[in-house]
Amino acid sequence: MIAGYVMGQRAAARASGMGAVSDAMRGLGTVTEVDALNERVNRLLLVTEAMWTLLKKDGHTDEELTALIAELDGSDGQADNRKTTAPLTCKTCGSKVAAGLAKCQICGTATGSLPGPLDGI
Ligand SMILES: [Zn+2]
């Protein structure tokens, strides 16, 4: 099922205008960024499919995965098919600091947040 889901997501992304966006970006000179993002998304889809294949071999089910996705999706307060992390507030200057940053981008104070295993993907 995950393979079908992944293939469906790829088809949906293409159908939703990724090609049109990419074409529009070519004129702006940012096509390499779009291409790089597409490559990262494709790589993540491959890694996700491989991980799910391994977990299914250990007896996990599509129903378990679906339930956990719904749980994680809603854990940020919104069931919107994405997981967002609220920004931190710098304890020195009060600026909002994007989640995952080790230091405040304004004053450089350490946030105290440690990088997670999926940071930087
Ligand atoms: Zn600060």
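Gly59 follows helix α2 and has a positive phi, near 100°. Helices (H or I, at least four residues) and strands (E, at least two) are DSSP runs, numbered from the N terminus. Residues are numbered from 1 along each chain as its sequence is written. This is a predicted model, in which local features need pLDDT of at least 70 and side-chain atom pairs count only at pLDDT 80 or more, while totals for chains, interfaces and linings use all residues.

The pLDDT is the predictor's confidence in each residue, from 0 to 100. Its average over the protein chain is 80, and 70% of the residues score at least 70. Among the elements, the lowest mean pLDDT, 52, belongs to helix α1 (residues 2–26), and the highest, 93, to helix α3 (residues 62–74).

The protein chain contains 3 helices and 2 strands, in the order α-α-α-β-β from the N terminus. Helix α2 covers residues 31–57, and its 27 residues should span 39 Å at 1.5 Å a residue; the end C-alpha atoms are 39 Å apart, which agrees. The expected span is 1.5 Å times one less than the number of residues.

A residue is buried if 20 or more other C-beta atoms, placed from the backbone, lie within 10 Å of its own, exposed if 12 or fewer, and partly exposed in between. Of the 121 residues in the protein chain, 2% are buried.

Arg82 is in the loop between α3 and β1 (88–89). Arg82 counts as exposed because it has 9 C-beta neighbours inside 10 Å. Ala70 is 12 residues from Arg82 in sequence, and their C-alpha atoms are 9.8 Å apart.
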